[in-house]
Amino acid sequence: MQRLLILVALLLLVRADSSRLPNAHPALALLPLKMAWAWERPEDLRWLPGDAGVAFVASSIMLQGEEALLRPRTARLQVEPETARVPVLHVDLSWREAPALNEAQMQAIVKELLRIAPGANRQVVQLDFEVRRSQRPFLARTVAAIRRVLPPETALSVTALASWCLDDAWLVEGMADEVVPMAFRMGQQQHELRQRLRWQGFTQPYCRQAAGYATDEPRLRRLAPRSYYFSPKSWTAAQWQALHSH
């Protein structure tokens, strides 16, 4: 009964505009439409308003050669108990020693994502894993392996390069419960891509639930109902308020 009352209370906290995500995983319906990314550094986010949540790097893995080097979060993160929290597993690929992308490395990623999943109080976890073209099959297999063992009540969110949601589309519909294309740090084609996003948004339907933005780049129009915000510096209440003042 207590669990049911908590679920009802969470549902009452969901903003009305969440209804624009009718096909979303039930857990995503409980997630705020404004999310701050908290990277691996000390963050005091106790000032976050009630309609915002935090997606925080809970752990990082470096794939190097045959190894999967694990680094759990050590930086302090302070949030109010009721703040929506999404643990993020960040995966890096070594440029010094090309990763083997073997089964053991895949299982290390799956195991670590399951380990950090209890840190989610809205039953949503996120995988942040950028790959080169030749490494895409490994990412697809890894996400599939995660989906096989992740409890069905837990939603999987994955970040994506903006190009993956435009002409370079290779993701499969339903690959994850939420795809978050990052509309920032878009490389040499950034100007062209920003112009396209202003006019047409993301062309792939599965990329229209959420989008990521950076606080230190010119503001784009909102491209999806849910917004994730990246800041290269520690967050402040004033910075967040300025971000949402227009």
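In which loop is Ser231 found? Ser231 lies in the loop between strand E11 (226-230) and helix H5, where helices (H or I, at least four residues) and strands (E, at least two) are DSSP runs numbered from the N terminus.

**Basis of the model**

This is a predicted model in which local features need pLDDT of at least 70, side-chain atom pairs count only at pLDDT 80 or more, and totals for chains, interfaces and linings use all residues. Residues are numbered from 1 along each chain as its sequence is written, and side-chain values use heavy atoms, with hydrogens and water left out.

The predictor's confidence in each residue, pLDDT, runs from 0 to 100. Its mean over the chain is 88, and 90% of the residues reach 70 or more. Over residues 1-20 the pLDDT is below 50, and this stretch has 17 contacts in the model beyond near neighbours in sequence; a contact means heavy atoms within 4.5 Å. Where pLDDT is low, the predicted coordinates should not be read in detail.

**Nonpolar cores**

A nonpolar core is a set of buried Ala, Val, Leu, Ile, Met, Phe, Trp, Tyr and Cys residues joined through side-chain atoms within 4.5 Å. Buried means under 20% relative accessible area, exposed over 50%, and partly exposed in between (1.4 Å probe, protein chains only). The largest nonpolar core has 59 residues, and those with the most contacts inside it are Leu63, Ile109, Leu127, Phe129, Leu139 and Phe202. Strand E3 (residues 52-64) gives the largest share of this core, 6 residues. A second, separate core of 19 residues includes Leu28, Ala84, Met182 and Ala214.

Helix H3 (residues 136-149) has 14 residues and reaches 21 Å from its first C-alpha to its last, close to the 20 Å expected; the expected span is 1.5 Å times one less than the number of residues. Its buried residues, among them Phe138, Leu139 and Ile146, pack against E3, helix H2 (103-116), strand E7 (124-129) and E8. Leu139 touches Leu127, Phe129, Val131, Trp164, Trp170 and Met175, not counting residues up to four places away in sequence.

Strand E9 (residues 178-182) has 5 of its 5 residues buried, so it is largely enclosed by the rest of the structure. Glu178, Val180 and Met182 cover one side of E9, and Val179 and Pro181 the other. Strand E8 (residues 155-161) pairs with E9 in the parallel sense over 5 bridges, pairing being defined by at least two DSSP bridges between two strands. Within this pair, Val158 stands opposite Val179.

**Individual residues**

| Residue | Relative accessible area | Class |
|---|---|---|
| Ser231 | 1% | buried |
| Leu101 | 18% | buried |
| His244 | 25% | partly exposed |
| Gln123 | 32% | partly exposed |

Ser231 touches Arg41, Thr215 and Gln239, not counting residues up to four places away in sequence. A polar contact of 3.1 Å joins the side chains of Ser231 and Gln239. Such a contact is a pair of N or O atoms within 3.5 Å; within protein, one must be able to donate a hydrogen and the other to accept it, and residues adjacent in sequence count only if both atoms are side-chain atoms.

His244 lies in the segment after helix H5 (237-243), and its side chain reaches the backbone oxygen of Trp240 at 3.0 Å.

Most residues other than glycine have a negative phi. Leu101, in the loop between strand E6 (84-93) and H2, has a positive phi of about 55 degrees. Gln123, in the loop between H2 and E7, has a positive phi near 60 degrees.
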